[in-house]
Amino acid sequence: MALASLSKEQKDEYAVTYAALALWDGGAEVTTDKIKEILEATGCEVEAYWPMIAAKFFSGDRMAKFIMKPGGGGGGGGGGGGDAGGDAPAEEEKKEEEEEEEIDMGGGMDMFGGDGGGGDDY
């Protein structure tokens, strides 16, 4: 992804996110003022609301949850073919468990209340 292809809003979002990450990684509290300080020190100019949004979003233990949460960002292309290797037996077991058993409901009623399987109606 080329930085030049991003919109101003996307660049602002990245800038405050990286500032919040830097604060968190350094063991500092993630606050609006500290995010603004980092942005000023790095020469980044963002819309005034971004530091406040980032500080609220990444406050407390939310940063750790954000980092540890798998996925989340954009959709790249589809995954490569890869080989099924050692995963095949596990998939077969799941399929066997998911298969429904045929249940004998007893009685000979059809869905319209008759006692046969359709008989001469057709």
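Predicted model: local features only at pLDDT ≥ 70, side-chain atom pairs only at ≥ 80, totals over all residues.
Two residues are in contact here when they have heavy atoms within 4.5 Å of each other.

**Overall layout**
- The protein chain has five helices and zero strands, so its pattern along the sequence reads simply α-α-α-α-α.
- Out of 122 residues in the protein chain, 15% count as buried.

**The largest nonpolar core**
- This core has 13 residues, and the ones touching the most other members are Val16, Ala20, Val30, Ile35, Leu39, Ala54 and Phe58.
- Helix 1 (8-25), helix 2 (32-42) and helix 3 (49-57) are the elements that each supply two or more residues to the core.
- Helix 1 gives the largest share, with five residues.
- Ile35 is worth a look: leaving aside residues up to four places away in sequence, Ile35 touches Val16, Ala19, Ala20, Leu23, Val30, Pro51, Ala54 and Ala55.

**Where helix 1 meets helix 2**
- These two helices pack at an angle of about 110°, and their axes are 9 Å apart.
- Because angles of 65 to 115 degrees count as roughly perpendicular, that is how helix 1 sits relative to helix 2.
- The crossing of helix 1 past helix 2 is right-handed.
- On the helix 1 side, the contact uses Ala15, Val16, Ala19, Ala20, Ala22 and Leu23, while helix 2 brings Lys34, Ile35, Ile38 and Leu39.
- Sorted by type, the residues of this contact come out as nine nonpolar, no polar and one charged.

Notes
Residues numbered from 1 in each chain as written. Heavy atoms only, no water. Core = buried A, V, L, I, M, F, W, Y, C linked by side-chain atoms within 4.5 Å. Buried < 20%, exposed > 50% of the residue type's maximum accessible area, 1.4 Å probe, protein only. Helix = DSSP H or I, 4+ residues; strand = E, 2+ residues; numbered from the N terminus. Axes fitted to C-alpha atoms, helices over the stretch in contact; angles between N-to-C directions. Parallel < 35°, antiparallel > 145°, perpendicular 65-115°, else oblique. Left-handed = near helix turned anticlockwise from the far one by under 90°. Nonpolar A, V, L, I, M, F, W, Y, C, P; charged D, E, K, R; others polar.
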